[in-house]
Amino acid sequence: MTTAEAATAPVPIQSTYQTHVADYWNAEENPVNLELGKLDDLYHHHYGVGAVDLSVLDEPDPVRRRERITAELHRLEHGQAELLAAHLGPLSPEDRVFDAGCGRGGGSVVAHLRYGCHSDGVTISAKQAEFANAQARKRGIADRVRYHHRNMLDTGLRSGAYAASWNNESSMYVELDLLFAEHARLLRRGGRYVVVTGCYNDTYGRASREVSLINAHYICDIHPRSAYFRALARHRLVPVHVEDLTEATMPYWELRRQADHLVTGIEDTFLTAYRNGSFQYLLIAADRV
Ligand code: GPP
Ligand code: MG
């Protein structure tokens, strides 16, 4: 058997909320995701980190300007995916990883290219799973990188079969206790879990207006920072590295808000949320003990 599936697990009966989330992702065709992904067939559904080359905004030729902004945003998103992947290792080509909420599949490809490992990605959107599998076939890696149309809370994948797993901006769609119970089940002892997430800042108080607007925009439910650590501890996941990426992601949003051909309308809300201290962009790496 080349896959860690115990059996063919259909998408379990899901809540009305989960159906609406799936509807969103089945319909989603934002240029900010498709135009960036097209550049090298790495389709990401997360934001970027790192310093921006602002000279792209001064490009005099309007067509070239658009191209350079698109490429710069993609470079920053790719940098985020590489940062997450770096925390999964070391891994060998025999190892298997689990990509929870895999979207159009970019993160699993990044992990595979870095480590040669097998990957199972899970998405609640049939369309995303189909798209991601087509990309893996096109790259000739479909025997090692597979995407499944399933619920990440109840994957049907094999217990203890995974050396590493992650959520890249997908944990705000689910109850953390259910999510971490599934990661703890799938990870072998000593395995590594990584989450990159937007969370609301407990020191601010409760969810700010901007956090609520982000929730409404994506149909998600952003958790407070504290909820992550409580839930990880309840599920034998012990943080080994915590990084506040808030400063590192703000340049991405500064550039994205000026990318007229790519904006979705949520850009200023993210910047305000980060600036008023109500929202944080966080990476947590944890060991499964
Ligand atoms: C980005 O996906 C992430 C989410 C939708 C989850 C919400 C994330 C938070 C940090 C709150 P995307 O790349 O599809 O979004 P967009 O279309 O805006 O680029
Ligand atoms: Mg995006």
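Two helices, α2 (31-38) and α7 (209-218), each give at least two residues to the shell around ligand 1; helices here are DSSP runs of H or I with at least four residues, strands are runs of E with at least two, and both are numbered from the N terminus. The model is predicted, so local features need pLDDT of at least 70 and side-chain atom pairs pLDDT 80 or more, while totals for chains, interfaces and linings use all residues. Residues are numbered from 1 along each chain as its sequence is written, chains are lettered from A and ligands numbered from 1 in the order written, and side-chain values use heavy atoms, without hydrogens and water.

The shell around ligand 1 holds 15 residues, of which Asn30, Asn33, His45, Tyr218 and Arg256 come nearest; a residue belongs to it if one of its heavy atoms lies within 4 Å. By class, 8 of the shell residues are nonpolar, 5 polar and 2 charged; Ala, Val, Leu, Ile, Met, Phe, Trp, Tyr, Cys and Pro count as nonpolar, Asp, Glu, Lys and Arg as charged, and the others, Gly among them, as polar.

Oxygen atoms of ligand 1 lie 2.8 Å from a polar side-chain atom of Asn30, 2.6 Å from one of His45 and 2.5 Å from a side-chain N or O atom of Tyr218. Taken alone, ligand 1 exposes 500 Å², and the protein buries 99% of that (Shrake-Rupley method, 1.4 Å probe).

Technical notes:
A polar contact is a pair of N or O atoms within 3.5 Å; within protein, one must be able to donate a hydrogen and the other to accept it, and residues adjacent in sequence count only if both atoms are side-chain atoms.
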